[in-house]
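Thanks for opening this one up with me.

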Amino acid sequence: MTAQEVRLCGLLLQEHFGDVVEKVGTHLIRSGVLTLRALAHETKLPLDLVKKSLCVLMQHGMCAFGAGRRGPAGPVEYHIICERILHMLRYPRYIYTAKSLYGDTGELIVEEILQRGQMTMSSTVKTVADRLTHNMPEGQSMDYSEVVSAFSRLVETHFLQRCPPMASAESSSSGADNTPLPAVTQPTEPEDHPELVNSDVNLRWLNCIYSGQGKRRRSSEDGEADPRAAKKAKTDSSERGDEGIYWQVNFQRFHLHFRDQAIISAVSCKLDQTSSEIVRTMLRMSEVTTPTHAAFTQALSANEIFRALPSSYNIARPILDQYLTLLVDDPMEFVGKTGDSGGGMYVVNLHRALANLARATLESVVQERFGSRSARIFRLLLRKRHLEQKQVEDFAMVPAKEAKDMLYTLLSENLVQLQEIPKTPDYAPSRTFYLYTVNQLPTARLLLQHCYKVHIGNLIERRLYETKENKRLLEKSQRIEAILASLQATGAEAAQLTEVEEMITAPERQQLESLRHHINKLDSSENQVDETIFLLESYINSTQAPR
Amino acid sequence: MAGSRGRGRSQFTFNVDALGFGRGDSLPTSAQTPSPLFPPMQFRPVPLQTGEEVDYMLALKQELRASSKNLPFHIKAARTKTDVARYSDKYQNGELKNNCIEWSPDWSRMPKELCIKVRKPRKTGAKPQLKQKPKVAAKKEEVLQKLETLEKREEEQHSEEEEDEEKKKQNDEEEGPDADEDYDEEEIEDETDYIMSYFDNGEDFGADSDDNMDEAVY
């Protein structure tokens, strides 16, 4: 965790959960792993507040606990999962994607689950249905079954996943109700439980709840189910049957979707709409068959692609072949050919596509900050790897003095590195080659840290500063809006309303307007920076993925 | 270096052209002050993206931020009483206590040590079965809590009161050894000067069963 990331996590926690959780969270990030007592002692907060904060963090999946260093008999230790906190930046994007794929119902489901961390299906369905009914015109009400079907579609396509069940410690597997030991339940990884993403099992489950056989059938699935939870559910006969089955958002899946979208839009920008449709079809067909960190999708034959193309694009078979050949020959290497059976086997090169997208991002950053000539030098160095100063001037076709100037500026910003190759054991300057080079991966990391710094230092802090400066004005306008709303509700006359409105003077109104404008701008910049962050992060993760 | 100074004075060990200036030119001026905090930008930044999608996500972001302040996950520390405890605190502070959690997580998924003892509202069904005598000592706290919640709520059920009355009398009998503890708990809970177990609010006048002749009936 770099310092910038820690700061950003702190600000995000503060925004959503308040100062207490922020204090606890940042301290835990900095210390790594701590027990409850140590955490309370070091943060000097009352124990109950620390407990509450840890509960909040665990509810949202940002904190995990495990048996401590002294084994299962010792105190429980907690640690923070930082990526999860950073995902909070992207909540609007997840919600918008759900809306575009599954409509308003899907959007509300994802929003509820994101805000509450984990939820049971019955409570989600109920809340969403109530919200939809609330927004509908009078007399209509939302059918539960529609919400249920949207939920099950989200589960089928793996956008929602079940929270892994807690595996109880060995000593307390039976009779766990009566043991006074602090039951250290081990959280298990989602990968260990294929049934979590196996939709058949869950769908069978969902159907059995809502077809009236609401009582618990959990025993078939949760072999290690907590007997405590089982007992609790039996006594609460008024609750629905799905106690203990919690659902959370599957961020990995959303990220894969965003990555696919980025690739498709890149293809459509570089080539044309039809090729992007072909790539979209290929990606869609291999959505569920490709493992998460794969470098390529599954090989698809040209015949399959032809059959799977949407019917609105009726292109002839030979034309499809031509498009595929074009895609394969393109220097961006989005699509590769792996064989000739079935009319040609094609794959989408995921990692290479990500690397190209990251490279394009770097190039555009250099272009916008330093001008197009510097960008030309930068691109040159990316392609030719190592060049001497003289060669740079020649290849880039830039006058010598300007080339030197730009190179040194890029060097001082650490975007370009200098490599020394000595001819003699003493590094005598006249007898050493000095080569300029650009390494894509470290430069991408550097830029990612820049993005985090920009996001926090400039955007969030500036927004907080502006809000604080104008707090008095904002509060006044909120109070007046509340008064207006209550007056309107009780049916006041127009004269009273105008009188209340005039309580805000014109210059104050202007100030408010400009404040809102600034905050909107800062917010949408945050969203845009987050897109860059996502791209760079995916690229860096793809290079680190286990082979 | 000193030895070779006489020979070929202006010979450097590296290629001078690579430096960027010739021999005759003056050196660039040295910096007198630190570089400015906000240096003027050479190129203006690209304007932000616009469009329906962007506006929608902006609205979503602001909405999420506003609504997360109202969720129970937003934890505010209870304000410590710095000076005199004021009467208005009871009405203004909204009963922000550190030791209660406003939402109920699934405790089976979390370590037991995080479980905060919440004051449970009375359970109508479960209480009648818990009258075992040996466990009265453990139930004292619950009884006191129950008494307090009974007073705060308007609805009172008949049968519950009778049980409470009986348990209260059992408490009175056993109050000897634990007098101090009772005092502290009662006084802190109610913030009044009156000790709860001595208080008879007179509503069960006439509702007492005639079996109990401990108190004189006026």
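This is a predicted model: local features need pLDDT of at least 70, side-chain atom pairs count only at pLDDT 80 or more; totals for chains, interfaces and linings use all residues.

1. Arg431(A) forms a salt bridge with Asp426(A), with the closest N and O atoms 3.8 Å apart. Arg431(A) is partly exposed as well, at 39% relative accessibility.

2. Some salt bridges link up through shared partners. One network of this kind joins Glu15(A), Arg463(A), Asp523(A) and Glu526(A) with Lys61(B) and Arg65(B). Within it, Lys61(B) pairs with Glu526(A), their closest N and O atoms being 2.8 Å apart. Over all chains, the count of salt bridges comes to 29, and two of them are found across the interface of chain A and chain B.

3. How many residues does each chain bring to the contact? Chain A gives 71 residues and chain B gives 48. The area buried between the two chains is about 5,300 Å², and carbon and sulfur atoms give 58% of that. On the chain A side, Lys52(A), Tyr96(A) and Gln115(A) lose the most area to chain B, together 13% of what that side buries.

4. The interface also has a polar side to it. Between chain A and chain B there are 11 residue pairs in polar contact, counting pairs with both residues at pLDDT 80 or more. By class, the side of chain A that touches chain B has 30 nonpolar, 19 polar and 22 charged residues.

5. Back inside chain A, have a look at Asp330(A) and Lys270(A), which form a salt bridge with closest N and O atoms 3.3 Å apart. Asp330(A) sits in the loop between helix 14 (317-329) and strand 8 (335-339), and Lys270(A) in helix 11 (residues 251-270), so the pair ties together parts that are 60 residues apart in sequence.

6. Lastly, an annotation to check. An unreviewed UniProt entry places the feature "domain: DNA-directed RNA polymerase III subunit RPC3 winged-helix" at residues 362-438 of chain A. In the model, that span is 56% helix and 19% strand, and its end C-alpha atoms lie 11 Å apart.

Methods
Residues are numbered from 1 along each chain as its sequence is written. Chains are lettered from A and ligands numbered from 1 in the order in which they are written. Side-chain values use heavy atoms; hydrogens and water are left out. Contact means heavy atoms within 4.5 Å. Buried area is the accessible area (1.4 Å probe) that two parts lose on being put together, summed over both. A salt bridge is a side-chain nitrogen of Lys or Arg within 4 Å of a carboxyl oxygen of Asp or Glu. A polar contact is a pair of N or O atoms within 3.5 Å; within protein, one must be able to donate a hydrogen and the other to accept it, and residues adjacent in sequence count only if both atoms are side-chain atoms. Ala, Val, Leu, Ile, Met, Phe, Trp, Tyr, Cys and Pro count as nonpolar, Asp, Glu, Lys and Arg as charged, and the others, Gly among them, as polar. UniProt positions are given in the numbering used here, feature names are shortened, and annotations may be inferred rather than shown by experiment. Helices (H or I, at least four residues) and strands (E, at least two) are DSSP runs, numbered from the N terminus. Buried means under 20% relative accessible area, exposed over 50%, partly exposed in between (1.4 Å probe, protein chains only).
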